[in-house]
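Please look at the model on the screen while I speak about its surface and its charged pairs.

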Amino acid sequence: VNDEFRKTVAGTGSYDTIVPKFKALVDERDPNLDYYARGTFTSHNLDFANDVLSIADAGFDRLSVEPVTADPGCGYDLTEDDLPKIEAEYDRLTDIMLERKKEGKPFTFFHFMVDLDQGPCVVKRLRGCGAGYEYVAVTPDGDIYPCHQFVGKEEFRQGSVLDQSFDMDIAQKFAGMNIYSRPKCQKCWAKFYCSGGCSAANYNMNHDMNDSYDLGCEMERKRLECAIYLKAMDKICTEEAK
């Protein structure tokens, strides 16, 4: 875990200061409530399995390290050239998780969580996360946006909690998007698991929320492959233990 881009006002690294506070927050929560300690990987840390392990070894057993969504050419954005390394790293993380489980030190990785028996309801599988109509993001100034990734994009500002305004047209636009409104999704085997992907990523990369972000789709399919493999190995190990 690199402190280089997370400096305190004093110019020192923030990791050693923040981690104990996060741990204290988790310890104070109801143990029945889920949480995820979340990180991000960029083109600067394609060995992100090391970051996952660092977070797990710091005492967090529910975590997520997610691919960055960044403007092309910014310097830390992900490109198609990075895909082989990313896919290999997901494979490495899969092997690490299997080994950790054997050692009695398992942890949950958000993107490898797949319910093959039941999962979300049909509507959820079709429409995804619900940004913009089932939940919204509110800025410190009271402005309302479909989610945190749309904050600052004025064309997606839905209103304000200060004057109780809310643009239902934007909400209906988000509610109307689904795997069938996204042409690339219709032939994809993973569509009922990713539900069309992230609208913000689609917009940031393609300037069209219905035009799926190709690199994001490739990573999603790889994560699902790893998740299904983990499920299969868990079943095999359970059967062998009987």
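This is a predicted model: local features need pLDDT of at least 70, side-chain atom pairs count only at pLDDT 80 or more; totals for chains, interfaces and linings use all residues.

Val138 counts as partly exposed, at 47% relative accessibility. By that term I mean a relative accessible area between the two limits: buried is under 20% and exposed is over 50%, with a 1.4 Å probe and protein chains only. Val138 is found in strand E4, residues 137-138. Strands (E, at least two residues) and helices (H or I, at least four) are DSSP runs, numbered from the N terminus.

Residues are numbered from 1 along each chain as its sequence is written, and side-chain values use heavy atoms, with hydrogens and water left out.

Which residues make the nonpolar surface patch that includes Val138? The patch consists of Val136, Val138, Val161, Leu162, Phe166 and Met168, and covers about 550 Å². A patch takes residues with over 30% relative accessible area and no salt bridge; nonpolar side chains (Val, Leu, Ile, Met, Phe, Trp, Tyr) are joined within 5 Å, and like charges within 9 Å. The areas come from the Shrake-Rupley method with a 1.4 Å probe, and for residues only the protein chains shown count as cover.

Let us turn to the salt bridges, each being a side-chain nitrogen of Lys or Arg within 4 Å of a carboxyl oxygen of Asp or Glu. How many does a search of the whole structure find? The search gives 13.

One of them joins Asp143 to Arg157, at 3.0 Å from N to O. This pair links distant parts of the chain, 14 residues apart: Asp143 belongs to strand E5 (143-145), and Arg157 to the loop between E5 and strand E6 (159-160). Is Asp143 buried or exposed? Asp143 is buried, at 19%, whereas Arg157 is partly exposed, at 29%.

A further salt bridge connects Glu225 and Lys222, whose closest N and O atoms are 4.0 Å apart. Both residues sit in helix H8 (214-241), 3 residues apart, about one turn of the helix. Lys222 counts as buried at 13%, while Glu225 is partly exposed at 42%. Together with Asp91, these two residues form a network of salt bridges.

Finally, Glu103 and Lys105 also form a salt bridge, with 3.7 Å between the closest N and O atoms. Glu103 is partly exposed at 44%, and Lys105 is partly exposed at 46%.
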